[in-house]
Amino acid sequence: MAEEGAGLSKLVAVMACTALAFFYVAILYAPTVILRLPPPMSYKEFMLRRFIGAVISSIVSVVACGLILPIRSKEAAVLFGVYGIRMDHIWEAVVFPLSLTSLMYAGSLMLKFMLLLNSMKEHTAQEGGISVDCIKNAMRNFIDWIDFIAHNILAWRNYVVAPLTEELVFRACMIPLLLCGGFRISSVIFLCPTFFSLAHLNHWMEIYSRENYSFFKASMVAGLQLAYTVVFGSYASFLFIRTGHIVAPLVAHIFCNFMGLPVLFAQKKGMVSVAFVAGLVAFAYLLFPITKPDLYNDRTSNCACWQGYCSWS
């Protein structure tokens, strides 16, 4: 199936993906290494420089990918559709993948629920019940938390810039290149995260140099991040190929960044482990049914992938 639309060689596809991954990381260091700008005066300025670099890298990657791919149609819907940028079936692309991803965090969600329940019980015991003032304070605290997130530079990195730019480069651009290069879908799902993980190796340098960690400790921390990015990258690639929507891996990416690593167990809270196992079983059971291409596309051209990529050319 992939051979029908393959207008690239595997070597060209791999080289293009390698170049995109390298460029995504290299441009983050361009302000100081290439442009010779003075060191940023604050952490916020440092992050803003990286935001600009990531955005530029994404735009260049999208344009370069469009020039490399053998897409003959000039229709905007087709061009944007190659990258999974679509407005149709948008709610399915948000709700279904987000619900599926949350199953992996059943233990984490159970722990948060239990902590919230204990907090409410303690407050009820102290105040004699839940008053209107208590509800108002809770709402005020929630609004303050939202305001804090909106003005937090790290929140913008974790929940906006990093997910959006990484999904555009490492999913929307690289997956079409690999598919058109003739790689099997199963190979792409595990090959694409390799580029994604390599792009995170710069974290080892930052941990080793800035955090003053030992070589071994920095390697352990970076190794854990590397393993996590490979696992998540495979899942995100799977979502993109199955749904044909950039929104699907994007919402999963944001949710995973927000939740962190899944909680497997908690001391004296056996229900957390039970919830995690139950969520894991449900995730495995629903993985293929809930990502069925027919749910996200009106026409799949009898293709097991999104929008029948084999007919692009």
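User: How far apart are the end C-alpha atoms of helix α14, and what should its 17 residues span?

Analyst: In this predicted model, the ends of α14 (residues 270-286) lie 24 Å apart, computed between C-alpha atoms in the computed coordinates. At 1.5 Å a residue the helix should span 24 Å, so the two values agree.

User: Which residues of α14 are buried?

Analyst: V272, A275, F276, G279 and F283. They cover an arc of only 100° around the axis, so they sit on the same side of α14.

User: Why would residues three or four places apart point the same way?

Analyst: Because an α-helix has 3.6 residues a turn.

User: And what's exposed on the face turned away from the buried side of α14?

Analyst: That face carries V281, A284 and Y285.

User: Is C173 buried or exposed?

Analyst: Buried, because its relative accessibility is 0%. C256 counts as buried too, at 7% relative accessibility.

User: Helix packing next. At what angle do α6 and α13 cross?

Analyst: Roughly 40°, with the axes of α6 (residues 90-103) and α13 (residues 247-259) coming within 8 Å. That angle makes α6 oblique to α13.

User: Left-handed or right-handed crossing?

Analyst: The crossing of α6 and α13 is right-handed.

Definitions and conventions:
Residues numbered from 1 in each chain as written. Predicted model: local features only at pLDDT ≥ 70, side-chain atom pairs only at ≥ 80, totals over all residues. Heavy atoms only, no water. Helix = DSSP H or I, 4+ residues; strand = E, 2+ residues; numbered from the N terminus. Expected span 1.5 Å × (residues − 1). Buried < 20%, exposed > 50% of the residue type's maximum accessible area, 1.4 Å probe, protein only. Arc of directions from axis to C-beta. Axes fitted to C-alpha atoms, helices over the stretch in contact; angles between N-to-C directions. Parallel < 35°, antiparallel > 145°, perpendicular 65-115°, else oblique. Left-handed = near helix turned anticlockwise from the far one by under 90°.
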